[in-house]
Amino acid sequence: MYNCRNLISVVLIATIAVAFSSCKCENGDSRKAISEVDDDVRADDSAAKKLQKVQEIFYTIPSPMEMASLLKKAGTTYDASMLNDVSNVVKYTSSKRQALNLGIYGANLSYASIFNQNQESIIYLSCAKQLADKLGVTSAFDNETMDRIESNIENRDSLIDIISDSFYTLDAYLKENDRQNVSALVITGGWIEGLYLATQIAKNSKDVPQEIIQRVIDQKYSLSDLLELVNAYNDGGNLDSIIADLESLKVLYDQIDINREAGDVTTDESTGVTVIGGASTYSYTADDIAAITARVKEIRTSFIQ
């Protein structure tokens with residue numbers, strides 16, 4: 001009897017132990033599953049925040065068209081000798097070179113069109129189209145777009161609008177097809193080329209327009225954004241060399257101080273236009289600008305080779 005009760009007790013204890021163990025295991029699995037879901041949610045949230053940040057950066061970097069417009073307004077003259085040789089287009093066989101030089105030829109196209117150089121605009125458009133086709137982005141410069149450009153070749157404003165739309169289309173296509181890394185390289189090439197043109201004009205001018213110098217210095221902030229953008233897409237270290245180039249330029253920009261004073265913010269109720277007051281002061285030397293000019297040229301030369 002005693003043995004029987006003992007046996008029953010052992011069975012009950014074992015059953016409870018197994019049940020408890022099973023319950024404990026199920027709870028553990030549940031906690032693990034919940035933990036994995038939490039990790040997935042955090043990962044998705046982190047990826048969404050990263051995407052939003054990168055998209056914000058995309059729009060903070062000035063386009064080559066903006067820089068070309070500034071050079072025109074500053075009263076500089078067109079200088080075709082500064083632009084990338086069109087015969088180089090056949091040399092770019094890797095997707096990295098094609099993307100960088102699509103940005104560079106895009107900046108050349110912007111520069112030529114802003115200065116009403118219609119024939120050269122067509123030539124640089126052809127270079128940009130060739131590289132876009134090689135990158136598989138034919139929609140940016142399809143037959144309809146090319147026909148519109150030919151029809152508006154004498155209308156500078158329309159031509160500029162069509163060119164800008166083409167690069168927006170290209171950028172949108174790359175993003176929609178998860179090729180933001182290519183888009184980042186196109187932007188990098190265009191940014192370097194715009195800065196190269198501005199610094200070369202400043203270097204070769206007897207009386208350098210102050211707005212050009214200020215614009216060159218203001219690129220200090222754009223450079224930080226660009227570095228963040230390229231770093232975001234440096235999967236496997238594929239963009240290490242680009243980052244090293246930009247970091248070397250940042251070292252030179254760090255020698256320059258920009259102090260921005262807060263000012264009044266006013267909004268015109270009739271037009272909805274908001275004006276932010278205040279002024280910026282720049283602390284730099286001629287050697288600082290010369291060093292930036294030289295380094296930009298070196299980077300640009302490495303891109304177009």
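This is a predicted model: local features need pLDDT of at least 70, side-chain atom pairs count only at pLDDT 80 or more; totals for chains, interfaces and linings use all residues.
1. Residues are numbered from 1 along each chain as its sequence is written, and side-chain values use heavy atoms, with hydrogens and water left out.

2. Tyr-111 also belongs to the largest nonpolar core, which has 79 residues, and is listed with Leu-102, Phe-141, Leu-170, Leu-246 and Leu-249 as touching the most other members. A nonpolar core is here a set of buried Ala, Val, Leu, Ile, Met, Phe, Trp, Tyr and Cys residues joined through side-chain atoms within 4.5 Å; buried means under 20% relative accessible area, exposed over 50%, and partly exposed in between, with a 1.4 Å probe and protein chains only. Helix α7 (residues 180–204) gives the most to this core, with 13 residues; helices are DSSP runs of H or I with at least four residues, numbered from the N terminus.

3. Turning to charged pairs, the whole structure holds six salt bridges, each being a side-chain nitrogen of Lys or Arg within 4 Å of a carboxyl oxygen of Asp or Glu. One of them pairs Arg-215 with Glu-66, whose closest N and O atoms are 3.7 Å apart. Because Arg-215 lies in helix α8 (residues 210–232) and Glu-66 in helix α2 (residues 64–73), this pair ties together parts that are 149 residues apart in sequence. Arg-215 counts as partly exposed at 21% relative accessibility, and Glu-66 is likewise partly exposed, at 42%.

4. Lys-129 is partly exposed at 21% relative accessibility, as is Asp-133 with a relative accessible area of 31%.

5. In helix α10 (residues 286–304), Arg-295 and Glu-298 are three residues apart and therefore separated by about one helical turn, and their salt bridge brings the closest N and O atoms to 2.8 Å. Glu-298 is partly exposed, with a relative accessible area of 47%. Salt bridges that share partners join Asp-245, Arg-295 and Glu-298 into one network.

Note on methods
Helices (H or I, at least four residues) and strands (E, at least two) are DSSP runs, numbered from the N terminus.
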